[in-house]
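Biologist: Can you walk me through this model? I'd like the layout, then some details.

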Amino acid sequence: RKVEALVDRDFAIGETDRRLFGAFVEHLGRCVYGGIYEPGHPTADARGFRGDVLALVKELAPTIMRYPGGNFVSGYNWEDGVGPVEQRPRRLDLAWMSTETNQFGTNEFMDWCRAAGIEPMMAVNLGTRGPDAARNLLEYCNHHGGTAWSDLRRAHGWEQPHDVKFWCLGNEMDGPWQMERKTAEEYGRVAAETAKLMKWLDPSIELSACGSSSRTMATFGAWEDKVLEHTFDHVDYISLHTYLNNYAQDTGAFLASPDMMDWFIEEVVAIADSVAARRRSRKRIMLSFDEWNVWYRTRRRAADRVKPGWPVAPHILEEVYTMEDALAFGGACISLLNHADRVKSACLAQLVNAIAPIMTENGGPAWRQTIFFPFADFSNLGRGRVLQARLDSPTYAATYYDPRGSDDHRFPLPETPYCKLSVVHDAAGGHLTIFALNRHLSEPMPFETVARGFKGLVLESAHQLSHDDPQAVNTREAPDRVAPVRLGGVEIAGERVGATLPPASWNVIRLR
Ligand code: AHR
C-alpha cells in the first residue's frame with residue numbers, strides 16, 4: 001500500500017531554531033585529544049586544531065557546540081584549563097577514569113568554535129562545585145574587563161570577551177553515576193541560585209536546567225516538575241537526553257524507537273506547561289535536547305567505558321556505527337524537526353571519536369561514520385518552517401527494550417508507521433525538503449506527498465542512504481562503504497511528489 005502524506009503551505013508546526021542542529025565536545029576519550037585537537041598532526045594548525053576534522057565538521061554543519069561535558073563537567077575545575085599551558089595541572093577525571101592534562105581548555109575551545117563558525121554552549125559544574133565557580137567562569141568569559149576574572153582572561157591573551165550566550169546548569173544531576181548527584185529538591189535549589197547570580201552578572205545569557213537523563217529514570221516527571229518549580233523564573237530551557245539502542249537485536253523495534261523521543265518531548269512540554277499553569281504564567285520553557293544519539297555497544301561493558309591505569313585520552317566509547325544505526329538516527333532527526341515549536345536547541349552527542357559521526361586515527365586520517373550523513377542532511381537542509389503533515393502509512397507492531405535507568409523496560413509500540421516523515425519549507429531560500437524514513441526492512445515503499453499551496457514544484461535533488469547489509473560500517477580502510485546515492489524515479493505533477501523509497505532507507509527530496 002502506498003504511503004500518502006499531505007502538507008499545506010499555511011500550516012506549520014514552527015520555525016527551526018538555528019540551535020536545533022548542535023553537537024557536543026566533552027573531555028571524554030579522544031573527543032578533544034586526538035579528535036578536534038592534536039598538535040603535531042600533519043593537518044594541524046599552529047593551535048593544534050586538526051584541519052581534516054575541521055573540514056568534516058564544516059560539512060556536517062553543527063551550529064552550536066556543548067562543552068566541556070557531560071559527566072566530565074561535574075568534577076571540572078575550569079581554572080585548570082586556562083593560563084599558560086605548561087603550568088596547567090594534570091588531574092584525575094573521575095567521570096571517565098582518565099588523566100586530564102588540561103592542555104585544551106575554555107579559551108582553546110572558544111578559538112576552535114570561531115575557526116569552525118560554531119556558537120559555543122558552556123556547561124557549569126554543579127556537581128563538585130556550585131554558584132561561585134559558575135559566576136566566576138561567566139565573568140571570565142563574558143565581562144569586558146576591569147575585574148579580576150575578566151582581566152585574567154585578557155592577561156591570558158584573550159582581550160575580547162567570548163560572549164557565550166547559552167549555559168547549561170550542570171549535567172545529568174539526577175543520575176547516580178554523576179559526581180555529587182542531587183535530589184530534585186537539592187538540584188532545583190542550587191540551579192535557581194546559580195541562575196540568579198549568572199543572570200545578574202550577564203542578563204543577556206540564556207540558561208538551561210537539567211531535566212532527566214533519560215525517559216526511563218524512575219524520577220522522570222517528578223524531577224522536571226520539582227526542578228522547574230524552583231527554577232521556572234530563572235531559566236529558559238529544560239534539557240532532555242536520549243540514547244537509542246538495539247541491545248535486543250530487533251531492528252524493527254530499534255527503528256521504531258525514535259517515536260519515543262516524540263513522546264518524551266511531548267511529556268516534558270506537558271510538565272513544563274503545567275508548572276506554568278500553576279503559576280498562571282504565560283512564559284513557556286523551551287526544550288534543549290542536549291544529548292541524543294544511538295549508543296549501546298560501548299555502553300554496557302565497563303571495559304568499553306574505562307581503561308585501567310588512568311590513561312590520557314583513552315580509546316573509550318568508540319562506537320562504530322552501522323547502516324541500521326543511521327536509520328534510527330535519521331528517525332531521531334525527524335523527531336526533533338517535528339517539534340521545532342518547543343525544541344529550540346539540541347546537541348548530537350558527541351562530535352569526534354566518542355559516540356561520534358567523525359572518527360579519527362591519531363596521526364592518521366579522519367572519516368565519516370554512517371550517522372554523519374543523516375545529520376549533515378538534517379542540518380544543511382532542515383532549516384525553515386516545519387510543516388504539519390498528515391501521514392497515512394501502514395504500520396507494524398514492535399516492542400522496544402531499554403535496560404537503562406532503574407529497571408529493564410519494555411515499551412510496546414503497537415502501531416508504528418513504516419514511514420517517518422518531516423517536511424520543511426525554507427521560504428527565504430525557496431525550498432521544500434522532504435525527509436522520509438522507510439522502516440520496512442524488506443519492501444520498497446511507494447510514497448506520495450501532496451504539498452498544498454506549492455504550485456510548479458521542480459526537483460532540485462534527491463538522495464537516499466541504504467545498504468544491502470544493515471550491519472555495514474565505514475572504517476579507516478573502507479571509509480565510503482555506506483554513503484548517500486541518488487534517489488531516482490522522483491515524479492512531480494503539480495503539487496504532487498511521488499517516489500519509491502528503498503527498503504530500510506533514509507531519503508531526502510529537495511524541491512524548489
Ligand atoms: O555523552 C556521553 C555521556 O552520556 C555524557 O557524559 C553524559 O552526560 C551521558 O550520560
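Modeller: Some terms to begin with. Two residues are in contact if their C-beta atoms, placed from the backbone, lie within 7 Å. Helices (H or I, at least four residues) and strands (E, at least two) are DSSP runs, numbered from the N terminus. Axes are lines fitted to C-alpha atoms, for helices over the stretch in contact, and angles run from 0 to 180 degrees between N-to-C directions. With those terms, helix α11 (residues 372-381) lies across β18, β20 (459-465) and β24, and runs at about 25° to β24.

Biologist: And where does the model come from?

Modeller: It is a predicted model: local features need pLDDT of at least 70, side-chain atom pairs count only at pLDDT 80 or more, and totals for chains, interfaces and linings use all residues. Residues are numbered from 1 along each chain as its sequence is written.

Biologist: How is the protein divided into domains?

Modeller: Domain 1 covers 3-9 + 386-511, and domain 2 covers 16-383. Those bounds come from an automatic or database domain assignment. The C-alpha centres of the two domains lie 28 Å apart.

Biologist: How many residues of each domain are in contact?

Modeller: 41 residues of domain 1 are in contact with 43 residues of domain 2. On the domain 1 side, β15 gives the largest share, 6 residues. By class, that side has 23 nonpolar, 10 polar and 8 charged residues. Ala, Val, Leu, Ile, Met, Phe, Trp, Tyr, Cys and Pro count as nonpolar, Asp, Glu, Lys and Arg as charged, and the others, Gly among them, as polar.

Biologist: Now the barrel. Which strands does it run through?

Modeller: The closed barrel of 8 strands runs β2-β3-β6-β7-β8-β9-β10-β11, with parallel pairing. The twist averages 30° from one strand to the next. Two strands pair if DSSP finds at least two bridges between them.

Biologist: Why is β9 largely enclosed?

Modeller: 7 of the 8 residues of β9 (residues 237-244) are buried, so β9 is largely enclosed by the rest of the structure. Buried means 20 or more other C-beta atoms within 10 Å of a residue's own; 12 or fewer is exposed, in between is partly exposed, and C-beta atoms are placed from the backbone.

Biologist: What pairs with β9?

Modeller: β8 (residues 206-209) pairs with β9 over 2 bridges, in the parallel sense. There, S208 has Y237 as its bridge partner. β9 also pairs with β10, over 7 bridges. T242 stands opposite W292 in β10.

Biologist: Switching to the ligand. Which residues are around it?

Modeller: They are E26, G69, G70, N71, N171, E172, S213, E291, A349, Q350 and I355. To be near, a residue needs its C-beta atom, placed from the backbone, within 6 Å of the molecule or strand. The shell has 2 nonpolar, 6 polar and 3 charged residues.

Biologist: And the open sheet, what is its order?

Modeller: Its 10 strands go β21-β20-β24-β18-β17-β14-β1-β19-β23-β22, with mixed pairing. β21 (485-486) and β22 stand at the edges with a single partner strand each, so one side of each is left without a neighbour in the sheet.

Biologist: Which side chains of β23 are buried?

Modeller: V497, A499 and L501 point to one face and are buried.

Biologist: How does β23 connect to β22?

Modeller: They form a hairpin with 2 residues between them, and G494 in the turn has a positive phi of about 60°. The two strands run antiparallel, joined by 3 bridges. I492 stands opposite V497 there.
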